Amino acid sequence: MSGAPDIRTTFFQECDELLEALNDGLTSVQDQASGADADPEVMPAIFRAVHSIKGGAGAFGLNALVRFAHAFETVLDHLRSDRLSPTPELATLLFRAGDKLTDLVTAARDGQDDPDDPAAKALMGELAAASGAPPESDEDEAGGDEDFGFVPMGLPVNLPGSSPTRYRIAFSPSRRLYANGHDPLVLFEALGALGPLEVAVETGRLPDLGTLEPDENYIDWRLTLETEQGLDAIEEVFEFVEGLAEIEICAEDDLPEEEPDGGTDDGTDDGQDGGGEDTAKVDDAPPAAQPATPVPPAAAPAQPAAASPAARPPASAAAPAAPASAPPASATIRVDLERVDGLINAVGELVIHQAMIAQKLTEAGVAWNSDIGAGFDVFRNLTSEIQERVMAIRAQPIKPLFQRMARIVREAAAISGKTAQLRTEGEGTEVDKTVIERLAEPLTHILRNAVDHGLENAETRVAAGKKPTGLISLSATYRSGRVVIEVADDGAGINRERVRSIAVERGLIDPAAELSEGEIDKLLFMPGFSTASEVSDLSGRGVGMDVVKRAIQQIGGRISIHSAAGKGTTLSISLPLTLAVLDGILIELCGETMVIPITAVIETLRPQPGDIHAIGPEQSVVKVRDTVVPVVDLGQVFGLSGKSSGEILLLVETENRDRYALAVDAIRDQSQVVIKGLEGNYRHVAGISAATILGDGRIALIIDPEEAVSQAVPPPLAAAAAAAAAAATASSQPQAALSSVR
Amino acid sequence: MALRDSIRIMVVDDMSTSRGLLMQALDELGIRQVDYAADGREALTKLAANPVHLVISDYNMPQMDGLHLLKALRENRATSRIGFILVTGRADREIVETGQRLGMNNFLRKPFSTQQMRACIQAVVGAL
Amino acid sequence: MSLTVLAIDDSRTIREMLNAALSEAGFLVHLAVDGQDGLDKLGETAPDVVITDINMPKLDGFGFIKGARARQDYCAVPILVLTTESAADLKARARDAGATGWIVKPFDEMRLISAIQRVAGLRAAG
């Protein structure tokens, strides 16, 4: 691969480091040559330095550099394995080679990669002489029979006019095949991609139970593959398992050119074999050492052969009458992600400009029922349709991620000595590709936690009247424009007393603090909190639920936890469908227009004069029905001039279900905005997640309510607010919606 | 029907004489369906319309050399499995190794005899 | 699709190339700088496939494979080694050490993906 420019930069940076390490090492070699004690680490390090330069150079096609590094490396390899011992002369040669290598790297950086550099060639000759090998022959003078080890490659014939050939494959894996991480099913799948494949199992080698070795393989496979590809393609599939299995591939003669559907579904002989079988053994001899078995492209038959229906993919089976000359229409195409993202960006711009035009039309006084207005309406509908469809391209089913989680649960259960089963639901739910990717790590952690801390061991479970096998369910559903992923275990539930005492122990809460059950559960998300008394092998590693929560928040998600004693714990993750657009409320704040994600806002309030109570010089609360909620002045948070009038309060709820009232001046609009990253253009601003461009072309910042609130309410003040709130609401409010831990 | 009757081959060479030599050798081998192109671009255009089983191309050509043609063939799904034999006058390890990496099926050193060409082709497609 | 790959190489260049090529192809990529780091990261990254260089400081690729195969939870994970073309015997050694397959350097994206598909199945089709 040619490598992107930035990787090229990395390569040369790395070369500098490697050359430095090389020079350091060579200095030691020189000392060693003059009698100093040998450091066993030096030679391997030098060898690796040159080897790494060679490897990178190869990747960038810097052939002159590769060849020089190779000659150099050969001498170093001899030194490394004590076939050569360092002498002062050799040390000098190595230094000169090191200098030349430095020059070649510098030249390559400047775009020069001259294979005919005479100095390099001369030095390569000296290096070769030092390593006791004949100098690399100059190809121009080499004998005409020199084939450079090239092995002809048989042609996999699949051109128009060729007809499928049927191959019979006998495949007997050894136990080492499994030990090396191979899976016969993967091989079969690869064969199946070449054409219709039938798989039969032979159990003839199965011995009596008494003599059966449990880890030996006794199962052989008989495969029948019909393919237009050559033997090469089949042998390629088996390349990695050569020597780990007995493989015999027999090609039958051309299949009959016309064959009624269903005529060969039993896969038995068609009466044509015996006469024209070609056999290629790929067992021990390398396949390329013998001429490739020809698969002559037969003259194009009028009607291509109908293949055995048994192994056909369902699409063809459903339409057996389709003219086979047209390849079966592919339902998918592969597109570079870059192109999709380019499209998404362009659509984002389109949406912005559509909003701008709408504004201009309004300003120009165009009536919505006029021709232009009606035409624009259609345009607007089409734009949002395009947008939806483009976003859908990035959406992928969550199934593969869920499948990986099954493995996580198995492994976690194995390590913790528990038995656990994962049940998944809603695997077809589609989520943005990036969201899925970035969900993998937090979800892995959550599931490990569920097994490790959530589930009890089998004895405890049985004692509690549960089945010995713990059940963890993982589900995905769409809920009001978001995807909700739930991980539920049927374990013991959160041990709240323990959580509380740990939180006190770690100074996270005041020993006297009175916390509701929900508030205690939320402590699990506090930074540094971990209920594992010792760091277990599994979910320990110093990563707590706070990290999980942050990872979820970074993809615009929210996480919450619910637990019932003895019945289990459920974690809910709510995620946006896409990271590219957001439904927002446009607010006015001290003369600025800003956006608040609509998903964060529970309701908007227009407070009456008596509703807001000051509880300190800078703090106030508002009573919303039965609960007391701190008021956050966003103008102050963002350091805007003046205070917000607070005429409108937006009630928001954070991931911890804490509620706050954000004071703003006015609500302008509600609209879908295209998210533009801020950090790439500016830097991270606390309380601001991104920016967008409004219909009038102005830039508006998108508020991250949770972060904004945390800016406004440092923990001690929050505690004060809580205390004040508790006093204000007296005893009639057992569940103040305030957290004293924030 | 023998393979030599059904196989379709394209010869790519910018020099009309060496192109003629290649085509003459193919004719002597009894291969009837032979097309030709004078450079890589023309080869790609012709192949898009009339695919062949095997391309025999010179290495040294202006604009697009044999290896670039090979690369272009391998990068296009429709032509990726066409057999490719590189004809080269220089015994150059780099060319052969690059060709191997790009997926060439065989190479033929110039000058060549008809028998050498037969062996070279048969190593790729089997008995003619 | 979205298989997790753990790529182990002491060369930052090669790591970045692997990361770029594999991420581009839709894999979740984790990187490790040597065999020991690779072993340390097996648990937390839970890879579906591992790609490892041979010649590395601390613990080389063979040592890594041995270590991984000795772990009950990773004894069957597909492991591909990165080898140079010139070292044909490396393939045999890799196989003897328990490698599942190999990728010949310099690699291109297609070879890389196809090698992964050959050990992890076509679902690894980026």
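**View 1. In chain A, H2(A) and H3(A) are roughly antiparallel to each other (angles over 145 degrees count as roughly antiparallel, under 35 as roughly parallel, 65 to 115 as roughly perpendicular and the rest as oblique).** This is a predicted model, in which local features need pLDDT of at least 70 and side-chain atom pairs count only at pLDDT 80 or more, while totals for chains, interfaces and linings use all residues. Residues are numbered from 1 along each chain as its sequence is written, and chains are lettered from A and ligands numbered from 1 in the order in which they are written. Helix H2 (residues 42-59) and helix H3 (residues 63-80) of chain A have axes that come within 9 Å and cross at roughly 160°. Here helices (H or I, at least four residues) and strands (E, at least two) are DSSP runs, numbered from the N terminus. Axes are lines fitted to C-alpha atoms, for helices over the stretch in contact, with angles from 0 to 180 degrees between N-to-C directions. The crossing is left-handed, meaning that the near helix is turned anticlockwise from the far one by less than a right angle (clockwise would be right-handed).

**View 2. Here are the residues where H2(A) meets H3(A).** Among those that H2(A) brings are Ile46(A), Phe47(A) and Val50(A), and the H3(A) side includes Leu65(A), Ala69(A) and Phe72(A). Two residues are in contact if their C-beta atoms, placed from the backbone, lie within 7 Å. By class, this contact has 13 nonpolar, three polar and four charged residues. Ala, Val, Leu, Ile, Met, Phe, Trp, Tyr, Cys and Pro count as nonpolar, Asp, Glu, Lys and Arg as charged, and the others, Gly among them, as polar.

**View 3. Cys590(A) sits in the loop between strand S13 (581-589) and strand S14 (592-597) of chain A.** Its phi is near 50°, a positive value in a residue other than glycine. Is Cys590(A) buried, exposed or partly exposed? It has 19 C-beta neighbours inside 10 Å, so Cys590(A) counts as partly exposed. A residue is buried if 20 or more other C-beta atoms, placed from the backbone, lie within 10 Å of its own, exposed if 12 or fewer, and partly exposed in between.

**View 4. Lys58(C) also belongs to a loop, the one between strand S3 (49-53) and helix H3 (61-69) of chain C.** Lys58(C) is not a glycine, yet its phi is positive, at about 65°. With 14 C-beta neighbours inside 10 Å, Lys58(C) counts as partly exposed.

**View 5. Chain C holds an open sheet of five strands with parallel pairing, in the order S2-S1-S3-S4-S5.** Two strands pair if DSSP finds at least two bridges between them. Strand S2 (28-32) and S5 stand at the edges with a single partner strand each, so one side of each has no neighbour in the sheet. From one strand to the next, the twist averages 25°. Strand S4 (residues 79-84) pairs with S5(C) over five bridges, and Leu80(C) has Gly101(C) as its bridge partner. H3(C) lies across strand S1 (4-8), S3 and S4 of chain C, and runs at about 150° to S3(C).

**View 6. Chain C touches chain A through 39 residues of chain C and 41 residues of chain A.** On the chain C side, helix H1 (12-24), strand S5 (101-105) and helix H5 (109-120) give two or more residues. H1(C) gives the most, with eight residues.
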